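Subject: Structure handover and findings

Hello,

Here is the structure I said I would pass on. My notes follow below it.

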Amino acid sequence: MAAKTFKMTAEGKAELEKELDTLKTEGRIDIAEKLKVARSYGDLSENSEYDEAKSEQAKIEARISELEYQLENAVIVDSVGSNAVSMGSKVTVKRVSDGFEATYEIVGFAQSNPTEGKISDESPVGMALMGAKQGDTVVVEAPIGNLEYEIKAID
């Protein structure tokens, strides 16, 4: 089975590499210290600090594996420099129904973080915006029904 590819910008890849490096160094050192302290408390069978540290260690190692896989299968996609929405574009849109305006940065799935305005090109809004130009109106299929967005600006 072919590996899944992860589309991302060069900036996004650098962010993931930085996070991976931090987890491999500071994260592992931190958890090793927590385990050492927890072991010093004695009986491990009833040691909640030890259990918590082991759980945290498992989460860190899982995140490291996830990041390594994403970086090994990363495909860097740069903006083509056209006036159409593409990966890496910052797009200001206005919802036609109520005039709500928002600015989104189109990123790969691995980089998406809606609270920071970074939406995946695979999300419903991201897919609808890809390839559209300033002044276009796009329709997004959402669970609450179709939403229309007018593209106000593309950076």
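This is a predicted model: local features need pLDDT of at least 70, side-chain atom pairs count only at pLDDT 80 or more; totals for chains, interfaces and linings use all residues.

Glu 61 counts as partly exposed, at 28% relative accessibility. Its partner is Arg 28: the two form a salt bridge, with the closest N and O atoms 2.9 Å apart. Arg 28 is in helix α1 and Glu 61 is in helix α2, so the bridge links parts of the chain that are 33 residues apart. Arg 28 is partly exposed as well, with a relative accessible area of 33%.

Glu 66 is in helix α2, which covers residues 48–72. Its relative accessible area is 39%, which makes Glu 66 partly exposed. The C-alpha atom of Glu 66 is separated by 9.9 Å from that of Ala 110, and the two residues are 44 apart along the chain.

Lys 118 and Glu 15 form another salt bridge, with 3.6 Å between the closest N and O atoms. Here the partners are 103 residues apart, with Lys 118 in strand β5 (residues 118–120) and Glu 15 in helix α1 (residues 10–39). Glu 15, at 42%, is partly exposed.

**Aromatic pair and the residues around Phe 6**

The count of aromatic pairs comes to one. It consists of Phe 6 and Tyr 69, with ring centres 5.8 Å apart and planes at 85°. Edge-to-face requires an angle over 60 degrees, so the pair falls in that class. Phe 6 is in strand β1 (residues 6–8) and Tyr 69 is in helix α2, so the pair ties together parts 63 residues apart in sequence. Phe 6 is buried, at 7% relative accessibility, whereas Tyr 69 is partly exposed, at 37%.

Phe 6 also has a charged residue over its ring: Lys 4 lies over the face, at 5.3 Å from the ring centre. Both Lys 4 and Phe 6 are touched by Asn 73, which also touches Ala 3 and Thr 5, leaving aside residues up to four places away in sequence. Asn 73 is in the loop between α2 and β2, and its relative accessibility of 16% counts as buried.

**Nonpolar cores**

Which residues have the most contacts inside the largest nonpolar core? They are Val 91, Val 93, Leu 129, Val 138 and Ile 151, in a core of 16 residues. The elements that contribute two or more residues to this core are β3 (90–95), β4 (101–107), α3 (124–129), β6 (137–142) and β7 (145–154).

Leaving out residues up to four places away in sequence, Val 91 touches Val 85, Ala 102, Thr 103, Tyr 104, Ile 106, Leu 129, Ile 151 and Ala 153. Of these, Leu 129 and Ile 151 are also among the residues with the most contacts inside the core.

Ser 89 is located in the loop between β2 (74–76) and β3. At 3% relative accessibility, Ser 89 counts as buried. A polar atom of the Ser 89 side chain lies 2.9 Å from the backbone oxygen of Ser 86.

Regards

Methods:
Residues are numbered from 1 along each chain as its sequence is written. Side-chain values use heavy atoms; hydrogens and water are left out. A nonpolar core is a set of buried Ala, Val, Leu, Ile, Met, Phe, Trp, Tyr and Cys residues joined through side-chain atoms within 4.5 Å. Buried means under 20% relative accessible area, exposed over 50%, partly exposed in between (1.4 Å probe, protein chains only). Helices (H or I, at least four residues) and strands (E, at least two) are DSSP runs, numbered from the N terminus. Contact means heavy atoms within 4.5 Å. Rings of Phe, Tyr and Trp (its six-membered ring) pair if their centres lie within 6.5 Å; planes under 30 degrees apart count as stacked, over 60 as edge-to-face and the rest as tilted. A charge sits over a ring if NZ of Lys or CZ of Arg is within 6 Å of the ring centre and within 35 degrees of the ring normal. A polar contact is a pair of N or O atoms within 3.5 Å; within protein, one must be able to donate a hydrogen and the other to accept it, and residues adjacent in sequence count only if both atoms are side-chain atoms. A salt bridge is a side-chain nitrogen of Lys or Arg within 4 Å of a carboxyl oxygen of Asp or Glu.
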